[in-house]
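Me: I'm new to this one. Can you walk me through it?

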Amino acid sequence: MKVILVNGSPHKDGCTFTALEEVAKALNEEGIDTEFFHLGTKPLNGCIACGHCRKHQRCVFPDSVNEFLDLAQEADGFIFGSPVHYAAAGGAITSFLDRVFYTDSGSGKQAFYLKPAAAVVSARRAGTTASLDQLNKYFTIKEMPIISSKYWNMVHGNTPEEVRKDEEGLQIMRTLGRNMAWFLKCKEAGIRAGIPFPSQEEGLRTNFIR
């Protein structure tokens, strides 16, 4: 089993990575493979609702979104990390997730269906819970079980060195990793025992303007 950890910070080895690294260590100790996916510093277009993904099963922009979706198909779980920018998730990961989840829906591949996910945020001081609320909404619209920890998934610090001094924050990350591993093992045991996935109804869309 493998979990992909997405680093939505422009800094490859910064505060967000420091938090994700602690989660990855706990996952590895539980026998779960991990892979980091860094968004980098290149501009990421937002979704332009062009419908290309519905016809071609790919996003019209040839960037990290399509690369990630190829990896997501084979992954078992996801951790999405973001710095806090003005009490919200960073602009890059927001554009990234808008397009990732829209393309997945448009393509009909269901790369995220019933796969566990969690969000991790990093801040110098505040805005963390608002950012977590924002990121969790992506998971709940795709039927992804959200993995929790013993507190909200956040670390504090202005540098990686300061984050490493946030003992409670790092403990939260380790607990998150262990909880993710436990869920994945339970899911695998259920599949082996022959427990089927829930039955799915055909999608309905209701508009509120008459």
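**A strand residue to start**

Me: Where is Ser122 found?
Reply: Ser122 sits in strand 5. Keep in mind that this is a predicted model.

Me: Is Ser122 buried or exposed?
Reply: Ser122 has a relative accessible area of 5%. The cut-off for buried is under 20%, so Ser122 counts as buried.

Me: Which residues is Ser122 in contact with, leaving aside neighbours within four places in sequence?
Reply: Setting those neighbours aside, Ser122 touches Cys15, Thr16, Ser82, Pro83, Val84 and Val155.

Me: New topic. How many residues of strand 1 are buried?
Reply: Five of the six. Strand 1 covers residues 2–7 and is mostly covered.

Me: And how many bridges join strand 1 to strand 2?
Reply: Six bridges link the pair. Strand 2 spans residues 33–38, and the two strands run parallel.

Me: Which residue does Asn7 stand opposite?
Reply: Asn7 faces His38, which belongs to strand 2.

Me: Staying in strand 2, is Phe37 buried or exposed?
Reply: Phe37 has its place in strand 2. Its relative accessibility is 6%, so Phe37 counts as buried.

Me: What is Phe37 in contact with, leaving aside neighbours within four places in sequence?
Reply: With those left out, there are contacts to Ile4, Leu5, Val6 and Asn7, among others. The list also includes Ser64, Glu67, Phe68, Leu71 and Phe96.

Me: What separates the C-alpha atoms of Phe37 and Lys115?
Reply: A distance of 17 Å. Along the chain, Phe37 and Lys115 are 78 residues apart.

Me: On to helices. At what angle do helix 3 and helix 4 pack?
Reply: About 55°, with axes 10 Å apart. Helix 3 is residues 64–72 and helix 4 is residues 91–107. That angle makes helix 3 oblique to helix 4.

Me: Is that crossing of helix 3 and helix 4 left-handed or right-handed?
Reply: The crossing is right-handed.

Me: Which residues make the contact?
Reply: Helix 3 supplies Ser64, Val65, Phe68 and Leu69. Helix 4 supplies Phe96, Arg99, Val100, Thr103 and Asp104.

Me: How does the contact of helix 3 with helix 4 look by class?
Reply: Five residues are nonpolar, two are polar and two are charged.

Me: What about helix 4 and helix 5: at what angle do they cross?
Reply: Roughly 10°, and their axes come within 11 Å. An angle under 35 degrees counts as roughly parallel, so helix 4 is roughly parallel to helix 5.

Me: Which residues meet there?
Reply: From helix 4, Thr94, Leu97, Asp98 and Phe101. They meet Gln134, Leu135, Tyr138 and Phe139 of helix 5. By class, that contact of helix 4 with helix 5 has five nonpolar residues, two polar and one charged.

Me: Last topic, the loops. Where does Gln110 lie?
Reply: Gln110 is in the loop between helix 4 and strand 5, which is 117–123. Its phi is near 55°, a positive value in a residue other than glycine.

Me: How accessible is Gln110?
Reply: The relative accessible area is 40%, so Gln110 is partly exposed.

Me: And where is Glu143 found?
Reply: Glu143 is in the loop between helix 5 (128–140) and strand 6 (154–156). Phi of Glu143 is near 60°, a positive value in a residue other than glycine. At 45% relative accessibility, Glu143 counts as partly exposed.

How values were computed
Residues numbered from 1 in each chain as written. Predicted model: local features only at pLDDT ≥ 70, side-chain atom pairs only at ≥ 80, totals over all residues. Heavy atoms only, no water. Axes fitted to C-alpha atoms, helices over the stretch in contact; angles between N-to-C directions. Helix = DSSP H or I, 4+ residues; strand = E, 2+ residues; numbered from the N terminus. Parallel < 35°, antiparallel > 145°, perpendicular 65-115°, else oblique. Left-handed = near helix turned anticlockwise from the far one by under 90°. Contact = heavy atoms within 4.5 Å. Nonpolar A, V, L, I, M, F, W, Y, C, P; charged D, E, K, R; others polar. Buried < 20%, exposed > 50% of the residue type's maximum accessible area, 1.4 Å probe, protein only. Pairing = 2+ DSSP bridges.
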